[in-house]
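Subject: Structure handover

Hello,

Here is the structure I said I would pass on. My notes on it follow below.

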Amino acid sequence: MEAPGPEWALVPMRQLVSWGAAGAMVFGGVVPYIPQYRDIRRSQNVEGFSTYVCLVLLVANILRILFWFGRRFESPLLWQSIIMIFTMLLMLKLCTEVRVSNELNIKRRSFADFDLNYFWHWSKFTDYVQCVLTFTGVTGYITYLWLDSSLFVETLGFLAVFTEAMLGVPQLYRNYQNRSTEGMSVKMVLMWTSGDTFKTVYFILNQAPFQFSICGLLQVFVDIAILLQVYLYSYYPQKPVSHTAHPASTKAL
């Protein structure tokens with residue numbers, strides 16, 4: 001009788017690694033926002049954080065969930081989207097409360113005003129929730145009607161991951177406008193970079209839909225560009241570019 005080889009120990013080891021990777025995918029995406037959330041609560045200032053980051057992630061993850069109904073992918077990616085949506089709503093709630101508490105004698109704006117000049121600059125958290133629910137309802141209905149079209153489903157998947165790949169662009173542009181990264185959590189961006197790198201490798205190794213891998217690489221490049229801004233504006237400070245102030249330009253984007 002042959003002695004059992006080391007293979008018997010490798011099976012549970014591989015299973016543990018698989019569970020660990022899945023757990024990292026599910027919860028790793030929200031970890032970068034913990035230091036930013038704490039910074040905002042401590043400083044009571046949202047100037048350095050663009051809430052358009054929340055908008056991008058909400059749209060991307062809602063579209064990804066809808067894509068799942070047309071083309072099933074791994075469950076950890078689905079749960080990641082669900083958890084990310086709740087996380088972004090928490091970020092929006094905090095940012096809205098802080099921003100409104102710092103405003104004095106200005107007119108309150110709401111989603112029901114349908115004023116594009118103040119889109120995503122509303123005065124109550126419930127307005128953001130109404131917008132998210134409206135977007136989910138409309139896109140969900142369209143997806144239901146076109147779910148049998150493979151072209152529509154693949155396009156939906158591409159839009160989901162491409163939107164997420166643009167996650168860092170609002171922050172990149174805000175830093176460029178301010179000629180500074182002050183108020184932005186560098187820890188958050190470092191976690192973005194490490195998380196997006198891990199995520200892209202995970203997509204490639206697990207043969208996720210090709211849209212995921214391509215846009216994952218694009219997301220890593222945007223993260224690196226923001227880190228270059230941190231270096232540039234720290235060691236070579238520049239004066240902010242003067243531009244005409246939008247009525248809400250002093251608020252968190």
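The second largest pocket is lined by 20 residues, and those nearest its centre are Gly28, Gly29, Pro32, Gly195 and Asp196. Pockets and cavities are found on a 1 Å grid over the protein atoms alone: a cavity is a set of points where a 1.4 Å probe fits but cannot get out, while a pocket is an open set with protein on both sides within 12 Å along at least five of seven lines, and lining residues have an atom within 4 Å of a point. Helix H1 (7-28), helix H4 (75-102) and H8 are the elements that give two or more residues to this pocket's lining. H8 supplies the largest share of the lining of the second largest pocket, seven residues. By class, the lining of this pocket has eleven nonpolar, six polar and three charged residues; Ala, Val, Leu, Ile, Met, Phe, Trp, Tyr, Cys and Pro count as nonpolar, Asp, Glu, Lys and Arg as charged, and the others, Gly among them, as polar. The space in the second largest pocket is about 270 Å³, where a volume is the space filled by probe spheres set on the grid points, which are joined across faces, edges and corners.

Please note that this is a predicted model, in which local features need pLDDT of at least 70 and side-chain atom pairs count only at pLDDT 80 or more, while totals for chains, interfaces and linings use all residues. Residues are numbered from 1 along each chain as its sequence is written, and side-chain values use heavy atoms, with hydrogens and water left out.

On the overall make-up, the protein chain has nine helices and zero strands. Helices (H or I, at least four residues) and strands (E, at least two) are DSSP runs, numbered from the N terminus. Of the 253 residues in the chain, 44% are buried; buried means under 20% relative accessible area, exposed over 50%, and partly exposed in between, with a 1.4 Å probe and protein chains only. Among contacts (heavy atoms within 4.5 Å) with a separation of 6 or more, 79% are between residues 24 or more positions apart.

There are two cavities of 30 Å³ or more. The largest cavity holds about 50 Å³ of space. Helix H6 (150-165), H8 and H9 each give two or more residues to its lining. H9 gives the most to the lining of the largest cavity, with four residues. Among the residues lining the largest cavity are Arg64, Glu164, Lys199, Phe203 and Cys215. Cys215 counts as buried, at 2% relative accessibility. By class, the lining of the largest cavity has five nonpolar, two polar and three charged residues.

Next, helix H7 (residues 169-178), whose buried residues are Pro170, Gln171, Arg174 and Asn175. Seen down the axis of H7, these fall within an arc of 135°, so they line one face of the helix; the arc is that of the directions from the helix axis to the C-beta atoms. The buried residues of H7 pack against helix H3 (52-70), helix H8 (186-205) and helix H9 (210-235). After H7 comes Arg179, with a positive phi near 55°.

Most residues other than glycine have a negative phi. Phe114 has a positive phi near 55° and is exposed, with a relative accessible area of 65%. Trp120 has a positive phi near 65° and is buried, with a relative accessible area of 1%.

Leu55, in helix H3, is in contact with Phe119 and Trp120, leaving aside its neighbours within four places in sequence. Leu55 counts as buried at 18% relative accessibility. Leu55 and Leu89 are 34 residues apart in sequence, with 9.5 Å between their C-alpha atoms. Thr51, in the loop between helix H2 (33-43) and H3, counts as buried at 5% relative accessibility. Its C-alpha atom is 8.2 Å from that of Met91, 40 residues away along the chain.

Finally, the cysteines. A search of the whole structure finds zero disulfides, a disulfide being a pair of cysteine sulfur atoms within 2.5 Å. For Cys95, the nearest cysteine sulfur is that of Cys54, 5.8 Å away. Cys95 counts as buried, at 2% relative accessibility.

Regards
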